Amino acid sequence: GTLFLDEVSDIPETMQIKLLRVLQSGEFERVGSTKTIQTDVRLVCATNKNLKEQVFAGLFREDLFYRINVILLEIPPLRERPEDIPLLIQHYLKFFSIRNRKKIEKITPEALSLLSKYTWPGNVRELKNVIERMVVLSHLNVIDAEQIPEDIKGGKKLLVARPTQT
């Protein structure tokens, strides 16, 4: 099978060691069990960090890096590929309409234009969440400019207040 790991750079070192063992030996034990299980998996990892720099900084195991770095695909951020935005919007509109049992049939050109002009600092995850929010909150069968969150309309990144530490 295939195992997908998102933000692989954030895996704690203890887990990196266990993952490396599974990849090298093809064996693991379930928590609380002593029975060894054989596995044959293909690993697909994603990260927004440079893993070579993480290795150099001592934050990621070098042996695990070389084990998972078989084929490298670099996908540019969404702001560098705006032509993908309308396609992703249509995909997620359909997906979340079905999931939420709604009949969202289209998005207005004005709404599509506003969404396409936004820089999407959170990349596809942010776009996906915005589309889901609009579908869930929609009472219409069309997504229009009124339904787009204000931070997207103004092109401003929504800032979340973080508590100060004392």
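Reader: Which exposed residues does the face of helix 1 turned away from its buried side carry?
Author: That face of helix 1 carries Thr14 and Lys18, both exposed. Please keep in mind as we go that this is a predicted model.

Reader: And which residues of helix 1 are buried?
Author: The buried ones in helix 1 are Gln16, Leu19, Leu20 and Val22. Around the axis they cover an arc of only 160°, which puts them on the same side of helix 1.

Reader: What do the buried residues of helix 1 pack against?
Author: They pack against strand 1 (2-5), strand 2, strand 4 (42-45) and helix 3 (62-68). As for what comes after, helix 1 is followed by Gly26, whose phi is positive, near 75°.

Reader: Switching topic, where is confidence lowest and where is it highest in the protein chain?
Author: It is lowest in strand 2 (residues 27-29), with a mean of 85, and highest in helix 4, at 96. The protein chain as a whole averages a pLDDT of 89, and 93% of the residues score at least 70. Over residues 157-161, however, the pLDDT is below 50, and beyond near neighbours in sequence this stretch has three contacts in the model. Where pLDDT is low, the predicted coordinates should not be read in detail.

Reader: Back to helix 4, then: which of its residues are buried?
Author: In helix 4 the buried residues are Ile85, Leu88, Ile89, Tyr92, Leu93, Phe96 and Ser97. They sit on the same side of helix 4, because the arc they cover around the axis is only 155°. On the other side of helix 4, Leu87, Lys94 and Ile98 are exposed.

Reader: What covers the buried residues of helix 4?
Author: The cover includes strand 5 (106-107), helix 5, helix 6 and strand 6 (142-143).

Reader: Which residues touch the most other members in the largest nonpolar core?
Author: That core has 21 residues, and the ones touching the most other members are Ile89, Leu93, Leu115, Trp120 and Ile131. Two or more residues each come from helix 4 (85-99), helix 5 (109-117) and helix 6 (123-137), and helix 4 gives the most, with six residues.

Reader: What is Leu115 in contact with, leaving aside its neighbours within four places in sequence?
Author: Leu115 is then in contact with Ile85, Ile89, Ile107, Trp120, Val130, Ile131, Met134, Ile148 and Ile152. Apart from this core lies another, of eleven residues, among them Leu43, Val55, Phe60 and Phe65.

Notes. Residues are numbered from 1 along each chain as its sequence is written. This is a predicted model: local features need pLDDT of at least 70, side-chain atom pairs count only at pLDDT 80 or more; totals for chains, interfaces and linings use all residues. Side-chain values use heavy atoms; hydrogens and water are left out. A nonpolar core is a set of buried Ala, Val, Leu, Ile, Met, Phe, Trp, Tyr and Cys residues joined through side-chain atoms within 4.5 Å. Buried means under 20% relative accessible area, exposed over 50%, partly exposed in between (1.4 Å probe, protein chains only). Helices (H or I, at least four residues) and strands (E, at least two) are DSSP runs, numbered from the N terminus. Contact means heavy atoms within 4.5 Å. The arc is that of the directions from the helix axis to the C-beta atoms. pLDDT is the predictor's confidence in each residue, from 0 to 100.
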